[in-house]
Amino acid sequence: MSTANPRKQPTSLRIILTGFLVLWVIMAAFPFLWTLWGSFKVEGDFFSKANWAFALTGESTRVETGGSFTGDGYYGAWVTEEFGRAVMNTSIVCFCVVTISLTLSTLAGYALSRSTYNYAFWILIAALMFRAMPQITLVSGYLLPFYEWNLWGRLGTTIVVLVAINQPFSLWMMTSFFRNIPKDLDESAMVDGCNRFQAFRHVILPVMWPGVITTGLFSFLLAYNDFPVAAMLLDQENQTMIPKIASFLGTTQTKGNVMFAVAAVVSATAPLFVLILFFQRQIVSGLTAGAVKG
Amino acid sequence: MNHRTFLTFVAPSLLAMLLLIVFPVVSVVLQSFHAQHEQVMEVVETCGPFGCTETTSVNQEQTLALREAQPLGRFVGFENYTNRGHLAFSEMGEAWRTSTGWGDWWSKVMNLPFYSAIVFTLTFTFIVTPLTIVLGFSIAIAVNAASRAIRGPLIFVSLLPFIITPLVGSLVLFWMVDARGVLGHAIQALAGNPELSVKASTPMMWIMLMVYGIWHAAPFAFVVFYAGLQSVSQDADEAAMIDGANRWQRVRFVTIPHIMPLVTFVALIQLMDNFRVFEPLISFSAEAHAQSLSTYIFSDLGGETRLLNSAATTSLLTVVCVGILLFPVLVRTWRDFKRA
């Protein structure tokens, strides 16, 4: 009998599954490794008309700079084009968005998870619809009033806008996390004489951190990855990283310095790598939080 | 929880959404019914030795003053909706009457910016969403079959395309498929045509955009399905095995029904996200070959002349489309809520 242990996969199936996995891993990782490697070459190698393998060996890099690797792209991006300032702006935006957004959504999510009235349901449905609206449609509503009230171009405006755009998603996530914390916990505190706020402060606050960290990660990603809002609402001086990279493409192609953009792209990707490295478990639990509970 | 306490907790969040999501939508609606004031013309009579001539010219000062006094512009009703840039009623009628065949009609429709944008957006949404689900499910099955020790690193690598900034991720891919990049060379070798370039061909551009869309979103589907696979009931699986179900039948009749609610969830999120497809078109500088609703709004908002009213009209039409797309979901949620 060949099916002595039906749980054990037949060899042919195992080969197919392994082959597929290898293919997927290459698809997922190769573009990043390639770009990281290529960012230390000159443009003639990264985009090689003659032979794609030059990007690996660095033929033109050796001719132009003398070594197989060059930091010219990084020098151009960080020193000549002052990418550091964009990084600074992104840090400010991300920090403020995460802090404010978490404060608002923690409070609201707690209330939504504990309310039994119809309006709690409708608030969540409205949030779902807001979540579905493309950000750029909102941006077209902001521009005219922001020009008129002289709010356009400032970091503060962008932070507030991103907090608001972030709210629907954070609300859903925090609500589903709070639903997992048993009601008995805060209700017994209230029986003991706490009011709602004291119960929240003394009983819920200490146990909610896993949910807050996960929601915070996704708020951070939204603020960090945002392009449409920052590109439209910030002036040159306050530009964040992603619009800055996009603007490299416009200006550098004429100067022949695509490598600035490549170096900037690698610089912008590095923090995300570190983020997944440390918070993989939280990211996975966050992605499934909405789904598993339906 | 009583109403007052509830309101205290929710107020800051609701206020943020009211001010920066609801009001902008109102502003979009208002703007879409207005147009910028026309230039103020004036007739100037200049007299010379050969008699007097009347010339019409733009009074810049008055135009500017009028536009500043009423930034919203003049009320035009539905004109923004019916003009060539949007629903293009007269052009559509014209195309219908004068077309020699379906192909001719289609090419005329695709020349209208709003229709070509909506055709691309819908094609993208309805091709990328199912393929993402299929790829994500396959990865989940494969990772679930791998040995425990390597699952962690596998998930790490799989998350990369999803966590990466969309603009950056699509740039990375775009540089590789450039005619001088590594994938570009590979495509040329496969097609046997050294002149082939993704940038120059509309179908290739559409395919690359969709490949990017699937690559970017598959990890999300994978993670959700993988979590679902962990909770497949071992008892049901064993019972099916005892009843003589083969491997495929067990996947088909035990695993897939268990995963089905997750498929609905992933499909919903993916429909929303794919409908707003934006960054890859910017990174691929695809405007000559493909325009989505989002990039159409973006290009109206940017540029030398900011066409705010046109952008507002497209925005409102986009929101209406999202509403139609989500309507079945809302109805279902409402029914579930009523039943509960």
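**Domain arrangement and chain contact in a predicted model**

The centres of domain 1 of chain A and domain 2 of chain A, taken over C-alpha atoms, are separated by 40 Å in this structure, which is a predicted model. In the domain assignment of chain A, domain 1 covers residues 39–70, whereas domain 2 covers residues 84–292. The contact between these two domains involves four residues of domain 1 of chain A and six residues of domain 2 of chain A. On the side of domain 1 of chain A that touches domain 2 of chain A, two residues are nonpolar, one is polar and one is charged.

Turning to the annotated segments, the unreviewed UniProt entry places the feature "transmembrane region" at residues 12–37, 90–112, 119–143, 155–178, 199–224 and 258–279 of chain A. For residues 155–178 of chain A, the end C-alpha atoms lie 32 Å apart, and the span is 100% helix and 0% strand. For residues 199–224 of chain A, the corresponding separation of the end C-alpha atoms is 34 Å, with 85% of the span in helix and 0% in strand.

The contact between the chains draws on 77 residues from chain A and 77 residues from chain B. Within the side of chain A that touches chain B, helix 15 of chain A, formed by residues 258–292, supplies the largest share, with 13 residues. By class, the residues on this side of chain A comprise 57 nonpolar, 15 polar and five charged residues.

Key:
Residues are numbered from 1 along each chain as its sequence is written. Chains are lettered from A and ligands numbered from 1 in the order in which they are written. This is a predicted model: local features need pLDDT of at least 70, side-chain atom pairs count only at pLDDT 80 or more; totals for chains, interfaces and linings use all residues. Two residues are in contact if their C-beta atoms, placed from the backbone, lie within 7 Å. Helices (H or I, at least four residues) and strands (E, at least two) are DSSP runs, numbered from the N terminus. Ala, Val, Leu, Ile, Met, Phe, Trp, Tyr, Cys and Pro count as nonpolar, Asp, Glu, Lys and Arg as charged, and the others, Gly among them, as polar. UniProt positions are given in the numbering used here, feature names are shortened, and annotations may be inferred rather than shown by experiment. Domain bounds come from an automatic or database domain assignment.
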